[in-house]
There are 2 protein chains.
Amino acid sequence: VLVMSGGLGPTEDDRTTEAVALAAGQPLELRPDALEALRQRFARAGYELTPNNEKQAYLPRGATLLENTQGTAPGLMAPIGQCLVFCMPGVPREMKSMFDTRVVPLLENRLGARPALVRSLNTFGIGESKLDHRLADLLQAVDLEGCDVSLHYRTSFPTNRVILVLHEPGRERAPRVLDRLEQEIRRRIGKHVFGTDETSFSDAVVAALRRAGATLALAESCTGGLAGDLLTRAAGSSEVFQLGVVTYANAFKERLLGVPREVLQTHGAVSQACVEAMARGVRELAGATYGVAISGIAGPGGGSEGRPVGTVHLALAAEEGVRHVQRQFPFDRQRNKSLAAHVALALALREVGG
Amino acid sequence: VLVMSGGLGPTEDDRTTEAVALAAGQPLELRPDALEALRQRFARAGYELTPNNEKQAYLPRGATLLENTQGTAPGLMAPIGQCLVFCMPGVPREMKSMFDTRVVPLLENRLGARPALVRSLNTFGIGESKLDHRLADLLQAVDLEGCDVSLHYRTSFPTNRVILVLHEPGRERAPRVLDRLEQEIRRRIGKHVFGTDETSFSDAVVAALRRAGATLALAESCTGGLAGDLLTRAAGSSEVFQLGVVTYANAFKERLLGVPREVLQTHGAVSQACVEAMARGVRELAGATYGVAISGIAGPGGGSEGRPVGTVHLALAAEEGVRHVQRQFPFDRQRNKSLAAHVALALALREVGG
């Protein structure tokens, strides 16, 4: 079996289909079903179907069309000699969806193979090497009941996944063994685990706030709106998020959030006193359960001796009072912004016990 | 020459260095220079150097260390028989930086090869297939003076790059031919080109506003702060951006931006009347040259018969009046948000003639 991705697009340099046809010794044929699917997709999107898009409706004779529910380029399955070839689009989300919904069932069906059982624990606030260090003896420390399990790590900045793969899914003890491993991982690094499998960081934050019946207002500076974007990646976030303000200039920290001028003059905008006032101010302005504020130096410029690039102050205001944290990030501008936005939402997540 | 990336990290499943040592028949040796570089990097970042990180300081005997200025995993160059092997980290930004600053010079030096001359024109608002359609005969339409040029496309959603590759950089006519091609591309699709080479969309917007001496205030709803994040990806954005508000709930569209209650009741939040009032409101609140507003239905829920998921209204308010556009996006929640944020900034870019 050969599984590949990419080169199915409409442009001159997309040549996968042509290459498969050549290798299989089959002519390319216009497939009316593929053309109709393209027409409908373009009509729905209100785009014009250009002649080069029609190219995507040509498949090698005898090939099976794999529907692309996420984009325009259909995939295909075709035999080349003894080899069964799958071609998927190169756009990651299109490829992933096609692999799960089309390729895996066809492989199960044709080869009688069953995919491994996979469980991932999604973490924030602990690095990949520290994870590996804390979990190095995991597979020796837990009774695997003879199951063949492997442990993997996957970074999707700034979160890290711990992935358990159990290679004999047929065994009835398999789910029990995965549960036991998950329990041991949570015992060791539980406070960093925000969810399992497809649960994103945003999903976890929004779900925890919903469970608590709480709302969150955001006052951002160096993140520019990224914390609000992150929170609203989860559908349903409107139940917990009503207002964010991006007070990039100090004048608006004062005018909209009521940060005292003395605080800005004495401590500056990147300070504990400033983010605490911002958090209280936005909480009050929004009438929210929590107000979270971020102010820092994302870089590359703006750093100074006592406050280098990457310095970020964050605060969470609640009815009972204000919590403050300070961080020092070592990355480039956009990654420093991303880390700061994640830490801001993590403050709320911890507060509601998510 | 074999160039590869990935598997240089600190965890158990990172085995590239070990594999190269095995294939080269060389033992792994602790390299004090690599260890020292790791120590310094961790100290600067305020992180703890765990024992498994030290693994990254082991290299096959005789290998050349390739410094990683962007992360912890050093790269390496080692001969295996007749083959010169380069190993780079898998993290894209680390890999790209190492390729440009370490691998290319070594290749030039050892092989006397010169990298091709590359120019890219970065576009927004025109799809890859339409680009291909408009530029299909480009290389026939322009006098290449015998140069070997190829044309490529690269999508980085929602922007698209047109890439010109000229394969004999030594020729003195090379830059002239690239200029001529660029001119012809601009003649055909100029209004979609926002910059060349490493100029990002944010860079282009911020630069154009700076040139015009203009400031931009943002009133976001469905984008949740993403337009502000996008604008502030460019360093120096504080010169043109002072305030953004994310009025996710209608009450704040009314209270902070002065959207009349009748507008919300009669037309709803996703309407021309609402975004026009939001844009005027945020422009006034911020005292900015331009106010740009976004309100739409990002999905997956919230759509209705007359206003399906993907409907987005946008407006730009200036001293002279208000411009409105409506769009219908066919993607998932986060990509609809991203497109809306880009269209919002594109409104400002067009306004200042960028």
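1. A salt bridge is taken here as a side-chain nitrogen of Lys or Arg within 4 Å of a carboxyl oxygen of Asp or Glu, and between chain B and chain A the count is four. One of these joins B:Arg93 to A:Asp332, with the closest N and O atoms 2.4 Å apart.

2. The model is predicted, so that local features need pLDDT of at least 70 and side-chain atom pairs count only at pLDDT 80 or more, while totals for chains, interfaces and linings use all residues. Residues are numbered from 1 along each chain as its sequence is written, and side-chain values use heavy atoms, with hydrogens and water left out.

3. With contact defined as heavy atoms within 4.5 Å, 55 residues of chain B touch 55 residues of chain A. The two chains bury about 4500 Å² between them, 54% of it on carbon and sulfur atoms, where buried area is the accessible area (1.4 Å probe) that two parts lose on being put together, summed over both. On the side of chain B, the residues that lose the most area to chain A are B:Ser129, B:Tyr248 and B:Phe252, together 11% of what that side buries.

4. Strand 12 of chain A (residues 241-247) pairs with strand 12 of chain B in the antiparallel sense over five bridges, strands being DSSP runs (E, at least two residues) numbered from the N terminus and pairing requiring at least two DSSP bridges. Within this arrangement, A:Gly244 has B:Val246 as its bridge partner.

Definitions and conventions. Chains are lettered from A and ligands numbered from 1 in the order in which they are written. Helices (H or I, at least four residues) and strands (E, at least two) are DSSP runs, numbered from the N terminus.
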